[in-house]
Amino acid sequence: MSMDGAHRPANVIWVITDQMRAQATGYAGDPNVFTPNLDRLAAEGANFTRAVSGAPLCCPFRGAMVTGRYPHNNGVTGHGDPLPDGSLTVAHAFRDAGYRTCYIGKWHLDGNSPERGSVMPGDDIRHRMIPPERRGGFEDWWAYENGNQPFDCIIHTDKGGTPQGVPVLDSADGMEHFRVPGFEADGLTDILLGWLGTQVADRPEQPFFAVLSMQPPHNPYTAPAEAMARHTPGDVRLRPNVPDIRDVTERARRDLAGYYAGIEQIDDNVGRIRASLDELGLTENTYLVFFSDHGDMHGSHGQWRKTGPWEESIRIPFLIGGPSREHQNSNRPDVPVNHVDIAPTSLGLCGLPVPAQMEGTDYSAVVTTPGIRPPVWDGPPDSAYLGIPVAPRHPQSVGQAWRGIVTRDNWKYACFEGQPWLLFNLDDDPYEFVNLAHDPAYYAIRAGLHERLRQWADQTGDTFDLPALER
């Protein structure tokens with residue numbers, strides 16, 4: 001493969017955060033947070049302001065993210081379900097095209113069962129070492145299943161992969177554990193930058209697909225002291241839909257202070273990645289795709305964390321910067337990117353075929369040719385299909401399964417099994433104060449949205465029990 005000029009094959013890097021809502025950035029207008037690197041990426045690249053988390057819970061989102069298939073079709077329906085053995089993923093598609101693949105950070109697709117092996121007694125998830133056959137097709141590997149301890153992040157790699165000077169904690173079956181020095185986002189970024197340097201030095205003509213998956217700003221909402229010092233609970237400005245109830249507002253401000261500090265630390269690392277791409281001569285042929293698996297309620301509507309259909313839970317940042325970046329005009333594609341669309345779009349950026357089993361849409365054309373608008377794909381992207389596949393029983397969140405849609409003309413409709421639940425006009429009511437789902441005056445609108453939801457269920461083979469449409 002030639003490395004000359006614009007004909008070099010494109011590379012892709014995913015930078016994934018956990019529980020970062022779309023509203024919590026400078027470019028989205030949040031007055032509490034300073035994100036100059038993400039703001040620059042949004043200004044120069046493609047800012048998908050309609051992007052959603054079709055399943056706002058870690059495991060179902062991540063299963064869809066890597067397979068391009070909806071949770072009810074890919075086997076990862078619940079929190080803690082493993083990616084089924086033999087699943088075909090985006091990493092397999094890139095490898096088939098000759099790409100080197102790398103995964104760094106939180107995986108959360110190996111399941112919660114201790115019987116999956118390579119664990120230490122009493123702490124099976126944090127100390128599990130995932131063998132190569134359960135890594136979704138990724139070759140180079142520095143990862144962990146789940147952790148939620150950003151200053152005590154323990155990851156595993158293949159033997160000899162522990163960074164120089166870092167002690168090996170444990171080894172078994174050709175793999176070894178080590179503790180990431182310092183804050184997780186910083187340490188995992190160090191690993192990515194080291195891997196990029198090795199890639200350029202040892203495999204300069206081989207294109208690559210790399211994933212950096214960071215747990216922050218997920219609770220426990222903490223960050224390095226210098227970042228935490230910039231945010232105090234008393235200075236946090238809450239969204240208008242956080243009810244003025246003392247216990248709610250105090251908790252929201254306290255949590256958000258650490259949340260924003262974590263986001264600023266992530267932003268700093270995005271800047272480090274972009275600087276490294278410049279130094280290594282990779283900028284002009286590397287797409288940087290930044291997104292989160294879902295958002296965080298932080299007291300909006302009196303709710304916490306995720307799993308609900310409200311904007312703070314489902315709306316995610318989704319930015320693509322790279323060779324097609326626009327320096328003069330902001331590119332805000334009017335398309336509802338969903339979890340199943342990330343893999344097809346990433347392959348499309350590189351001009352690679354999308355495997356037939358992937359159910360998502362390739363939106364790469366709106367990045368590589370700004371100004372293109374639908375319909376240019378099979379099936380008009382008029383809406384995104386949402387839902388929690390099975391009852392998550394996740395504390396402090398919606399505990400039931402539900403399905404819904406959000407449309408490009410800014411309507412949202414969601415229902416439980418057998419029961420309409422929520423209906424919002426996001427143009428008139430962006431903070432979702434007024435639920436119209438049970439108002440007879442909006443029967444015709446609800447009927448139309450209900451029919452579109454039924455079409456999505458039929459199209460994707462979803463057996464969810466939609467409610468009967470009654471006046």
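Two strands count as paired if DSSP finds at least two bridges between them, and the strands themselves are DSSP runs of E with at least two residues, numbered from the N terminus. The views below come from a predicted model, where local features need pLDDT of at least 70, side-chain atom pairs count only at pLDDT 80 or more, and totals for chains, interfaces and linings use all residues. Residues are numbered from 1 along each chain as its sequence is written, and side-chain values use heavy atoms, with hydrogens and water left out.

**View 1. Strand β1 and its parallel partners.** Welcome to β1, which pairs with strand β9 (residues 286-292) in the parallel sense over seven bridges. Look for Asn11, whose bridge partner in β9 is Thr286. Strand β8 (residues 208-213) also runs parallel to β1, joined to it by five bridges. There, Val15 has Leu212 of β8 as its bridge partner.

**View 2. The two faces of β1.** Seven of the seven residues in β1 (residues 11-17) are buried, meaning under 20% relative accessible area with a 1.4 Å probe, protein chains only. One side carries Asn11, Ile13, Val15 and Thr17, the other Val12, Trp14 and Ile16, and both faces are covered.

**View 3. A four-stranded open sheet.** Here the strands follow the order β11-β12-β13-β14 with antiparallel pairing. β11 (383-388) and β14 (419-425) are the edge strands, each with a single partner, so one side of each has no neighbour in the sheet. From one strand to the next, the twist averages 15°, taken between N-to-C directions of lines fitted to C-alpha atoms, on a scale from 0 to 180 degrees.

**View 4. Where β13 meets β14.** Strand β13 (residues 411-416) runs antiparallel to β14, and six bridges join them. Tyr413 can be found opposite Leu423 in β14.

How values were computed. Buried < 20%, exposed > 50% of the residue type's maximum accessible area, 1.4 Å probe, protein only.
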